[in-house]
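User: I would like to learn how to read salt bridges in a model like the one below. Please start with the general idea and then go through the cases.

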Amino acid sequence: MRFETQKDIDRENKAMRAIASKYGWEYQKLGANDIDFYIRDIGYLEVKGRNRDIENAFPLPIAERKYKKLIEKPLNSIIVWSCFNGLIYADLSKVTFTKRTGGRTPRNGSSNDIEMMYYIDKQPALKYIKDATLTKQW
């Protein structure tokens with residue numbers, strides 16, 4: 001069962017537009033069961049929603065299954081956490097993490113709410129785009 005809403009998709013697209021405009025990237029949205037975006041000649045990018053301000057977003061979570069799916073893609077693997085007041089992003093191959101069981105409160109019909117997760121603390125590999133136009137518009 002898919003739980004992604006139109007609001008989630010709008011958030012992904014807005015985050016992708018923000019980072020693509022910063023770097024001049026050309027990109028395309030990929031299918032529902034794939035990584036979120038392909039960036040031409042650069043790699044692949046996954047956007048994760050983080051319903052917090054950047055300052056309170058840590059540790060940053062990513063499911064082990066999503067990490068593996070992204071890191072196995074050719075070229076670069078970029079992860080973006082879309083926060084209320086901006087973006088946190090990194091080349092996934094350059095971050096360190098702690099691995100433990102975690103996730104979210106289980107939802108009816110979901111098999112992935114509690115799973116193996118990677119948690120990323122503040123570190124030099126992370127970059128930021130603080131932007132007032134992103135503030136609390138999700």
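**Salt bridges**

Analyst: Glu12, Lys29 and Asp36 are joined in a network of salt bridges. The model is predicted. As for the general idea, side chains of opposite charge can pair when their charged atoms come close.

User: How many salt bridges does the structure hold?

Analyst: The structure holds eleven salt bridges. One of them is between the side chains of Glu26 and Arg40, at 2.7 Å from N to O.

User: Which parts of the chain does the pair of Glu26 and Arg40 tie together?

Analyst: Glu26 sits in the loop between helix H1 (6–23) and strand E1 (27–29), and Arg40 in the loop between strand E2 (37–39) and strand E3 (43–49), so the pair ties together parts that are 14 residues apart in sequence. Glu26 is partly exposed, at 48% relative accessibility. Arg40 is also partly exposed, at 48% relative accessibility.

User: With which residue does Arg40 form a salt bridge at 3.8 Å?

Analyst: That partner is Asp41, with 3.8 Å between the closest N and O atoms. Asp41 has a relative accessible area of 62% and is exposed.

User: What does the salt bridge between Lys99 and Glu64 look like?

Analyst: The closest N and O atoms of Lys99 and Glu64 are 2.8 Å apart. This pair links distant parts of the chain, 35 residues apart: Lys99 belongs to strand E7 (residues 98–103) and Glu64 to helix H2 (residues 64–71).

User: Is Glu64 buried or exposed?

Analyst: Glu64 is buried, because its relative accessible area of 15% is under the 20% cut-off. Lys99, at 48% relative accessibility, counts as partly exposed.

Key: Residues numbered from 1 in each chain as written. Predicted model: local features only at pLDDT ≥ 70, side-chain atom pairs only at ≥ 80, totals over all residues. Heavy atoms only, no water. Salt bridge = Lys/Arg side-chain N within 4 Å of Asp/Glu carboxyl O. Helix = DSSP H or I, 4+ residues; strand = E, 2+ residues; numbered from the N terminus. Buried < 20%, exposed > 50% of the residue type's maximum accessible area, 1.4 Å probe, protein only.
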